Amino acid sequence: MLFEVWAPNAEDRVALWLEGEQHAMERDAARQGWWTAEAPARDGTRYGFLLDGGPLLPDPRSRRQPEGPDGPSAVVAPDTHVWRTDDWQGRGLAGAVLYELHVGTYTPEGTLDAAAGRLGELVELGITHVELLPVCPFPGTHGWGYEGVSPWAVHEPYGGPGALKRFVDTAHSLGLGVILDVVHNHLGPSGNHLPVFGPYFTDTHHTPWGSAVNLDAPGSDEVRAYLVGSALAWLRDYRMDGLRLDAVHALADSRALTFLEELSAAVDDFAADVRRPLFLIAESDLCDPRTTRPREEGGLGLHAQWNDDFHHALHTTLTGESQGYYGDFGRAPLAALAKTLGHVFFHDGTYSTFRGRTHGRPVDLARTPAHRFVGYAQTHDQIGNRALGDRLSALLSPGLLACAAALVLTGPFTPMLFMGEEWGARTPWQFFTDHTDPDLAEAVRQGRRREFAGYGWAAKDIPDPQDPATRERSCLDRSEREREPHARLLAWHRRLIALRRTEPDLSDPDLAAVRVAYDEEARWFVFRRGDIRVVVNLAEDAAAIPLGGGGRVLAAWDAVRAPGADGVLELPGESCVVLADG
């Protein structure tokens with residue numbers, strides 16, 4: 001078997017460690033900084049590298065870390081999993097309904113195999129794609145996954161690479177696509193051995209996590225190849241249908257051909273080779289339509305991006321919260337919601353008080369299909385980054401939760417739910433870690449307390465990220481699904497998703513065709529897509545809402561009559577209805 005490693009930092013020698021024995025590696029004359037060696041190995045063989053007689057280090061391109069990020073790597077043979085879904089043709093993003101899922105809290109077991117056993121629930125709900133939070137190795141057993149290292153490997157407590165293949169195979173057999181959240185903007189603070197090998201990071205730029213991933217300094221060609229190779233490995237070896245790219249705005253990159261363009265081109269080429277749709281979804285707070293504009297039109301060529309502006313407008317509309325970045329949205333929340341539904345970004349060249357400057361750029365509605373933007377009421381970030389990890393279900397009535405679902409699931413954007421949202425789960429989703437380094441664990445604990453002290457929270461009230469109970473509280477409680485009001489909310493989500501599938505107007509990609517009306521004071525809101533009107537009354541009291549025409553009821557949270565001859569709809573408080581013309 002050929003072993004190879006890019007280790008330009010090695011001054012004199014690199015040795016391959018293989019099950020306790022060392023084998024000298026040779027420089028690759030054709031590739032600067034690369035070292036190679038041939039040695040017999042099989043699936044599961046432990047190996048690693050020693051640079052200039054230093055300590056044993058895991059392979060930067062390790063596919064498996066059975067003893068954690070600091071232990072030796074293990075060989076993963078490519079033919080150990082027999083795929084049952086070789087005929088999978090893929091599932092594109094247009095018409096999709098996404099479901100964000102964290103493996104460690106989706107079930108009490110916290111494993112990929114346990115999660116796979118629950119995928120039938122998502123098929124019944126009407127979900128088309130599961131979006132997994134990061135699965136790369138990180139210290140300990142439980143964590144969010146955003147402090148992962150070894151970006152080619154799968155966290156062993158989740159079940160390792162074999163379990164991920166079984167998960168994807170099961171999902172595909174049920175008709176579900178799978179998206180994986182990947183992190184290219186930083187690696188975790190513990191178990192990151194890449195700087196020993198070469199210039200994977202640079203002090204040319206700085207990020208919230210310290211030195212930036214090296215995308216534009218000397219040595220960045222190999223670093224880019226490393227990250228592109230990792231992305232393609234998920235799509236090739238695990239047959240993922242798409243990748244969600246974490247916080248692309250934090251990728252410091254001054255080169256003429258940006259890393260994101262290079263990555264999107266590589267994914268498009270691979271999609272053409274395998275003849276199935278593959279896509280990249282960016283998390284970006286830039287409000288920049290160039291993120292998803294085709295490369296040939298001067299864009300980055302990513303296929304979709306999260307729309308936090310829609311979330312912020314919806315959140316302030318529902319909750320009345322206006323602190324921090326919610327401030328600009330909270331001044332006239334229904335107006336903000338109307339702007340995001342009709343124009344995508346709230347900040348499209350407007351002044352952002354939170355940033356202290358003008359922000360964003362308008363979307364060309366005539367040339368940009370609606371599915372390129374992902375819309376949501378809740379995400380792992382928007383829940384877990386709150387002090388107590390409280391969901392909307394801890395803040396809102398069932399009726400308002402139903403209104404949120406209606407606005408997301410019948411809106412123009414690709415809708416996404418966070419796990420448990422469909423039944424109004426009351427379990428929080430809190431920030432939890434399992435750092436094995438006591439100093440790092442304490443630093444994270446105190447950092448969390450300091451962060452929220454500025455908002456008036458006492459240290460004793462902030463959940464301890466290192467306490468196992470914090471993760472346990474965050475696990476879904478499926479017994480809720482059978483009780484009210486959860487069962488009613490679950491049925492409502494199923495009905496709305498079914499309408500999205502059967503009513504062509506609800507999958508219309510034309511952003512310019514969205515029409516909106518609202519009353520900020522009375523707190524009712526209406527938007528039209530083709531022959532479909534969605535009406536929500538966010539006030540506590542019933543409202544008479546002038547629609548200017550009749551219609552028939554397709555779905556309603558409460559019993560409601562279609563508008564009368566005067567075109568006025570009588571809608572109970574904290575309720576919603578979907579109407580069709582005719």
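Modeller: A charge sits over a ring if NZ of Lys or CZ of Arg is within 6 Å of the ring centre and within 35 degrees of the ring normal. Keep in mind that this is a predicted model.

Biologist: What makes Arg31 lie over the face of Trp34?

Modeller: The distance is 4.3 Å from the ring centre. The cut-off is within 6 Å, together with the limit on the angle. Arg31 therefore counts as lying over the face of Trp34.

Biologist: How do you know that the charged end of Lys339 sits over the ring of Phe346?

Modeller: By the same rule. The charged end of Lys339 is 5.4 Å from the centre of the Phe346 ring, and the limit is within 6 Å.

Biologist: Now the ring pairs. How many aromatic pairs are there?

Modeller: The count comes to 22. One of them joins Phe345 and Phe373, at 5.8 Å centre to centre with 85° between the planes.

Biologist: Why is the pair of Phe345 and Phe373 called edge-to-face?

Modeller: Centres must lie within 6.5 Å, and planes over 60 degrees apart count as edge-to-face. The values are 5.8 Å and 85°, so the label follows.

Biologist: What does this pair tie together?

Modeller: Phe345 lies in the loop between α10 and β16, and Phe373 in strand β18, so the pair ties together parts that are 28 residues apart in sequence. Both Phe345 and Phe373 are buried.

Biologist: Why is the pair of Trp492 and Trp557 edge-to-face?

Modeller: The ring centres are 5.9 Å apart and the planes stand at 70°, so the pair is edge-to-face. Trp492 is in helix α15 and Trp557 in the loop between β24 and β25, so parts that are 65 residues apart in sequence are tied together.

Biologist: Why are Trp492 and Trp557 called buried?

Modeller: Buried means under 20% relative accessible area. Trp492 has 6% and Trp557 has 7%, so both are buried.

Biologist: Which residues do ring pairs link into a cluster?

Modeller: Trp144, Phe418, Trp429, Phe431 and Phe432.

Biologist: How does the lining of the largest cavity divide?

Modeller: Into eight nonpolar, six polar and one charged. Gly counts as polar, so Gly148, one of the lining residues, falls in that group.

Conventions: Residues numbered from 1 in each chain as written. Predicted model: local features only at pLDDT ≥ 70, side-chain atom pairs only at ≥ 80, totals over all residues. Heavy atoms only, no water. Phe/Tyr/Trp six-rings, centres within 6.5 Å; stacked < 30°, edge-to-face > 60°. Helix = DSSP H or I, 4+ residues; strand = E, 2+ residues; numbered from the N terminus. Buried < 20%, exposed > 50% of the residue type's maximum accessible area, 1.4 Å probe, protein only. 1 Å grid on protein atoms, 1.4 Å probe; cavity = no way out; pocket = protein on both sides within 12 Å on 5 of 7 lines; lining within 4 Å.
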